Amino acid sequence: MIPPPNAPVLAPPPDPLTPARDITHAHFRAGDQVVVLKGVAGGELWGDAMRVVAPSWHTPTDEDGWRLRDATGGAQTYLTAHPRYLVHLSRRCPDCLIYLRAMEDRLLPKYAAHNALIDCGWYATTALGQLVHVADARGGR
Ligand SMILES: [Zn+2]
């Protein structure tokens with residue numbers, strides 16, 4: 001189904017790829033530049049670029065996560081994310097590139113007719129600064 005041009009995106013497209021990603025906590029290190037993919041802008045994937053700061057417990061999944069610094073985050077400068085939300089910007093590693101390409105293949109054709117920035121709405125931030133993917137938020141906490 002192809003939506004008409006300029007149609008508002010009413011529901012986020014499903015994102016089965018991020019929850020299924022098999023990436024270890026040790027894949028990332030303090031100082032790495034990463035991006036959390038959040039949508040599409042001008043025919044390219046769009047997201048929030050951040051720097052990995054330190055290991056930190058990701059409470060929504062009860063697994064090891066990473067503390068991130070978002071230089072443009074304002075009140076939410078520091079966030080904790082699960083490793084599978086992160087893509088390396090500073091290193092071109094196969095693990096992250098495979099995921100990036102898969103996300104491009106899935107999303108870019110959907111929004112080829114859009115020039116606006118599209119936030120797919122996959123992520124929320126808790127009051128305690130924990131970044132949560134919709135797939136990890138289910139089951140309600
Ligand atoms: Zn990587």
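Residues are numbered from 1 along each chain as its sequence is written. Because the model is predicted, local features require pLDDT of at least 70 and side-chain atom pairs count only at pLDDT 80 or more, while totals for chains, interfaces and linings use all residues.

The protein chain contains three helices and eight strands, where helices (H or I, at least four residues) and strands (E, at least two) are DSSP runs numbered from the N terminus. Along the sequence, their order is α-β-β-β-β-β-α-β-β-β-α. The chain has 141 residues, of which 26% are buried; a residue is buried if 20 or more other C-beta atoms lie within 10 Å of its own, exposed if 12 or fewer, and partly exposed in between, with C-beta atoms placed from the backbone. Two residues are in contact if their C-beta atoms, placed from the backbone, lie within 7 Å. Of the contacts between residues at least 6 apart in sequence, 54% join residues at least 24 apart.

Leaving aside residues up to four places away in sequence, V36 touches G47, D48, M50, A81, Y85, L86, Y123 and L131.

Strands are paired if DSSP finds at least two bridges between them. β1 and β2 run antiparallel and are joined by eight bridges, with V36 opposite D48 in β2. Their hairpin has two residues between the strands, and G42 takes a positive phi near 55° there. β2 is also antiparallel to β3, through seven bridges; S56 has G65 in β3 as its bridge partner. In this second hairpin four residues lie between the strands, and D62 takes a positive phi near 55°.

Helix α2 has 14 residues and reaches 20 Å from its first C-alpha to its last, close to the 20 Å expected at 1.5 Å a residue (the expected span is 1.5 Å times one less than the number of residues). Its buried residues are C96, Y99 and L107. These cover an arc of only 65° around the axis, which puts them on the same side of α2; the arc is that of the directions from the helix axis to the C-beta atoms. P94, I98, R101 and D105, on the other side of α2, are exposed. The cover over the buried residues of α2 includes α1 (17-20), β1, β2 and β5.
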